[in-house]
Amino acid sequence: MAQLPEGDPAPADGSLSPESVAHARERSLSLYVHIPFCAVRCGYCDFNTYTATELGHGASQDTYALAAARELDFSADVLRKADAEPRELSTVFFGGGTPTLLPANDLVMILDRARSLYGLAPDAEVTTEANPDSVTPESLAQLKAGGFTRVSFGMQSAVPHVLATLDRTHSPERVPQAVQWAREAGLDVSVDLIYGTPGESIDDWRTSLDAALAMEPDHISAYSLIVEPGTKLAAQMRRGEVPAVDEDDHAEKYELADAALADAGFSWYEVSNWARSEQHQARHNVAYWRNQDWWGIGPGAHSHIGGIRWWNVKHPAAYQQRIDAGVSPALGREVPSADATHLENIMLSIRLASGLPVSLLSERERGRLPGFVARGLGNIVDASGNTQLEASEDSRFVLTLKGRLLADGLVLELIDS
């Protein structure tokens, strides 16, 4: 599993400085709830998740919702003691793991606690991730009745041998069934796809895109497979059992996805995300990309309030122990340096279709933009979307398709070193 970052020790009382909550109403507040349970561990996954056999003593799926609710109580108390201005939650996201391994009434109970402590904005987006084989018509209807507005299904592929390589447990036929149930419950639907799995052909990827579009979801995410160290898939590659990742193959599949999704009426709004309309964008993720405030609940969850970042202990047993003791489950925290914040703001903003605000850049960095335009990597646009030859204070730099393929490397070229 991915390691937690290094940082300073987090205070046991979770206290925040007055500076971190100053002008809080200028930022939105979101909630992330991590549900760290999966039926099986997928071969490519390095998320902080646990199967029943991996949990060990001191942690239980049966009591997890109560622990998460108690951390919610703790979070509200910390903000109250810091004299933070009250804010309703603009978005709530249940991720994992597989949140829908918990009973729907557990998820609704956690949401109810958040609503009672913070309130939900009238147009709040409330999402849960789900595996297609972890929901029923009844559970989805219960989530909708409890205040959920959206479900994001981990489809990944519509091709059996690709799903097998990824260790996914659902069949291709289950996905449209689950999507239909969600629709009948009145939930918006997103589907997640992964491209570049070893052994996946271009025709396989086209089959998955066609299958996803045939379900007429509101939102589609398409992520290139990243093989993380320590995963089963990484070991298989090291032993030569499956072929290594091919960056040219990834690029070809990304271009195919972008064309197919555009033809179907989807617009990209972030490098890996497309929506039918602005109203169907994943507003929770947009809050991350725009560096708003969020509190992360659960083991390994990360939080960000007013420039302070912290992360919880990883194992559910250690998390439960701290919750039972009435102390913060946070393991470490940091206040990123000005240079780190500058880099992060550029890395996040440049991935958005709205573009990188030129006002974030130094004079030297601005001077590099015309060179990127000449290479076909992006365009400089004004507030009305008209292209410009030179960067001005109120203009933005928007990636082209070619630029999206090279986004991370482009950032390293752009920043002052």
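Is Pro122 buried or exposed? Hold that thought for a moment, everyone, while I cover the ground rules.

What you see is a predicted model, in which local features need pLDDT of at least 70 and side-chain atom pairs count only at pLDDT 80 or more, while totals for chains, interfaces and linings use all residues. Residues are numbered from 1 along each chain as its sequence is written, and side-chain values use heavy atoms, with hydrogens and water left out.

Back to the proline. Pro122 counts as exposed, at 84% relative accessibility. Exposed here means over 50% relative accessible area, buried means under 20%, and partly exposed is in between, with a 1.4 Å probe and protein chains only. Pro122 sits in strand β4. Strands are DSSP runs of E with at least two residues, helices are runs of H or I with at least four, and both are numbered from the N terminus.

Now to the loop between β4 (120-130) and α5 (137-145), where we find Ser134. Ser134 is buried, with a relative accessible area of 16%. Its side chain makes a polar contact with the side chain of Thr100, at 2.6 Å. A polar contact is a pair of N or O atoms within 3.5 Å; within protein, one must be able to donate a hydrogen and the other to accept it, and residues adjacent in sequence count only if both atoms are side-chain atoms. A polar atom of the Ser134 side chain also lies 2.8 Å from the backbone oxygen of Asn131.

Next, helix α14, residues 363-374. Which of its residues are buried? They are Glu365, Arg366, Leu369 and Phe372. Seen down the axis of α14, these buried residues fall within an arc of 100 degrees, so they line one face of the helix. That arc is taken from the directions from the helix axis to the C-beta atoms. On the other side of α14, Glu363, Arg364, Gly367 and Ala374 are exposed. The buried residues pack against α13 (338-349), β15 (378-381), β17 (396-399) and α16 (407-414), with contact meaning heavy atoms within 4.5 Å. Just after α14, Gly376 takes a positive phi of about 75 degrees.

Last stop, please: helix α3, residues 61-81. At its start, a side-chain oxygen of Ser60 comes to within 3.0 Å of the backbone nitrogen of Asp62. The buried residues of α3 include Tyr64, Glu71, Leu72 and Phe74. Among the elements covering the buried residues of α3 are β2 (29-35) and α4 (104-118). Just after α3, Asp83 takes a positive phi of about 60 degrees.
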